[in-house]
Amino acid sequence: MKKQLLSAVLAVCMTTAILPTAALAVNTEKTTQVTIAGKTLTDGMGWNNDGSTTTSGSSSNNAYFKDGVLYLKDADIKAQGTALSASNGALTIYLNGDSHIDADAMANNGMIKAVVFNADENKNTAGNVLIQGEGMLEIESAYDGIINDDSTGTTMEIKDVSVSVRGENSSMKLDSDLSVTGGAMLVATAQNHCIDAGKLTITEYAAVHAESDEGEGGDAISCTGVETKGYLGVYGDDSAITCAGDVSVTGGTAEARVRRKANVPAWNVTDGHTVSSNGLYVHAGVSSLDAKQATDFDTNHAAYGYAVIVEDSNWLKWENGFEDVTSSDWFYEHVGYVNQHNLMNGVEATKFAPYATTTRSQAVQILYSLSMRYWAQYGMDSGNRVSFADVPSTEWYAKPVRWAGGNDVVSGMGNNLFGPNMLVTREQFAQILYNFAQKLGYDVSASAELTRFSDADQVSDWAQTAMKWAVGAGVMNGTNIGTLNPGGAMTRAEAAAMIRGFIQVTLSSGRA
């Protein structure tokens, strides 16, 4: 993040206009008061984390309001209702250190809005909002994070600082345009909607990450236009970006992904408008699992649930960070694929452990990640959850195991036991993948005779159909000595290879 000298920033805040005046009628006067956790601050007043106020504030206060500028210094603002508000005029928030704003309870049976700007009955009396400085601001709300009301024609700018906004309903509901500039980073997460704004502008070196909760069915960004040459990452369940105007990407990286629905465009623009990649590279597909480079984004984007626009044509290439995986290994591409798509991580930061065996809990975690991250292709949730006596709720694999049992992907071992630390054999994993594909409705009609393998007679009776499918479809190959090794413990490298083969087969064959 870029840094600026405190004296220079203060000089700008106190002596110059905050932002260019918008075309519509906007109040250029500075706001004359702010309210923090129910305490109103007029010009010159200060506020402290213990809730006390001072008539003559200074930089020693956690919050200090002077001449339309609110200085926050390691402020911790909490309220049962609106935690911070300002109206009827332009406001600058200058950050020094890390500040936190939290509206965590219901107020008068109403919905919580943590930060409210420009809430006024009179239209077009609002002012611009600028958040800048040398620090970080974290905002959390039991309902909405930031509201900028009745502010048509105004702008909100986040400059050089890091801002994180979390709302259980929405992160940011803005009538205004939103600009993220300088070295700023904006992270907006919500259960449903992340950012609802006018035009979204992201300058070079700035970054915006918007992500609705996985599995909650929300979208991420709704706006009237996008212009970016920084970083934009958008992940939503029902949609990623819905735009009522043109989208222009002139640099940096712009990534959008729809998780839960198939055949929903990641960049959903209204008729008559376009997504312009301006000569950059476009990688797109139904999901990032099958993303391929596209040459004409404007005419093809409507079919893509995943699309990324980048400056580097090698953007999709995996960067190997594992010391125990080299380009000469037979499993190199398989490990790269599952690691790149966040399906299998290393056992340590620099170790994948390709020859280590795979447990039942690990196998289930892989399928759970596949289902949750790529819902449109592999989402499965019957709503049932099965608890096992040997799976404590505090274990990392508890949720995946309950999910797998409730969806009949993996059965228990009897006596209400799952056996999370038991090793998975190659034929067991083939059976698990067969069950998963079948229940999702994918074509599992492929079948191959196993007699060409010297140990075909060692395949268990219960695994015959699944093993014939796995070999016939190309999900599983024999070993380098011409055997199936059906009862052998599956290694992590073999698991990576089978998962990659499973994805390639199911995405190409489609659902039956």
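Asparagine 278 is partly exposed, with a relative accessible area of 44%; buried stands for under 20% relative accessible area, exposed for over 50% and partly exposed for what falls in between, taken with a 1.4 Å probe and protein chains only. The structure is a predicted model, in which local features need pLDDT of at least 70 and side-chain atom pairs count only at pLDDT 80 or more, while totals for chains, interfaces and linings use all residues. Residues are numbered from 1 along each chain as its sequence is written, and side-chain values use heavy atoms, with hydrogens and water left out.

Asparagine 278 sits in the loop between strand 30 (275-276) and strand 31; helices (H or I, at least four residues) and strands (E, at least two) are DSSP runs, numbered from the N terminus. Its phi is positive, about 50°, although asparagine 278 is not a glycine. Aspartate 160 also has a positive phi, near 70°, and is likewise a residue other than glycine. This aspartate lies in the loop between strand 15 (155-159) and strand 16 (162-167). With a relative accessibility of 4%, aspartate 160 counts as buried. Another loop, between strand 25 (231-236) and strand 26 (241-243), holds aspartate 237. At 0% relative accessibility, aspartate 237 counts as buried.

We turn next to the sheets. Strands of a sheet pair through backbone hydrogen bonds, either parallel or antiparallel. Here, two strands are said to pair if DSSP finds at least two bridges between them. An open sheet of 11 strands has the order 7-10-13-16-19-22-25-28-33-31-32, with mixed pairing. Strand 7 (76-79) and strand 32 (292-294) stand at its edges with a single partner strand each, so one side of each is left without a neighbour in the sheet. From one strand to the next, the twist averages 10°; axes are lines fitted to C-alpha atoms, for helices over the stretch in contact, and angles run from 0 to 180 degrees between N-to-C directions.

Within this order, strand 10 (residues 98-103) and strand 13 (residues 136-141) run parallel and are joined by six bridges. Alanine 103 has serine 141 of strand 13 as its bridge partner. Further along, strand 33 (residues 306-310) has five of its five residues buried, so it is largely enclosed by the rest of the structure. In a regular strand the side chains alternate between the two faces of the sheet. Both faces of strand 33 are covered, with Tyr306, Val308 and Val310 buried on one side and Ala307 and Ile309 buried on the other. Strand 28 (residues 253-258) pairs with strand 33 in the antiparallel sense over five bridges, and arginine 257 has tyrosine 306 of strand 33 as its bridge partner. Strand 31 (residues 281-285) also runs antiparallel to strand 33, joined to it by five bridges. There, tyrosine 281 stands opposite valine 310.

Another open sheet is formed by 10 strands in the order 2-1-8-11-14-17-20-23-26-29, again with mixed pairing. Its edges are strand 2 (39-42) and strand 29 (267-269), each with a single partner strand, so one side of each is left without a neighbour in the sheet. Neighbouring strands of this sheet are turned by 15° against each other on average, direction ignored. Strand 1 (residues 33-36) pairs with strand 2 in the antiparallel sense over four bridges, and glutamine 33 stands opposite threonine 42 in strand 2.

The axes of helix 7 and helix 9 (residues 492-509) come within 11 Å and cross at roughly 25°. That makes helix 7 roughly parallel to helix 9, as angles under 35 degrees count as roughly parallel, over 145 as roughly antiparallel, 65 to 115 as roughly perpendicular and the rest as oblique. The contact (heavy atoms within 4.5 Å) is made by Arg426, Phe429, Ala430, Leu433, Phe436 and Ala437 of helix 7 and by Glu494, Ala495, Met498, Ile499 and Phe502 of helix 9.

Helix 7 (residues 426-440) also contains glutamine 431. This glutamine is buried, with a relative accessible area of 17%. Leaving aside its neighbours within four places in sequence, glutamine 431 is in contact with Trp462, Ala463 and Ala466. Ala466 is among the buried residues of helix 8 (residues 464-473), together with Met467, Trp469, Ala470 and Val471. These buried residues pack against helix 7 and helix 9. Just after helix 8, glycine 474 takes a positive phi of about 90°.
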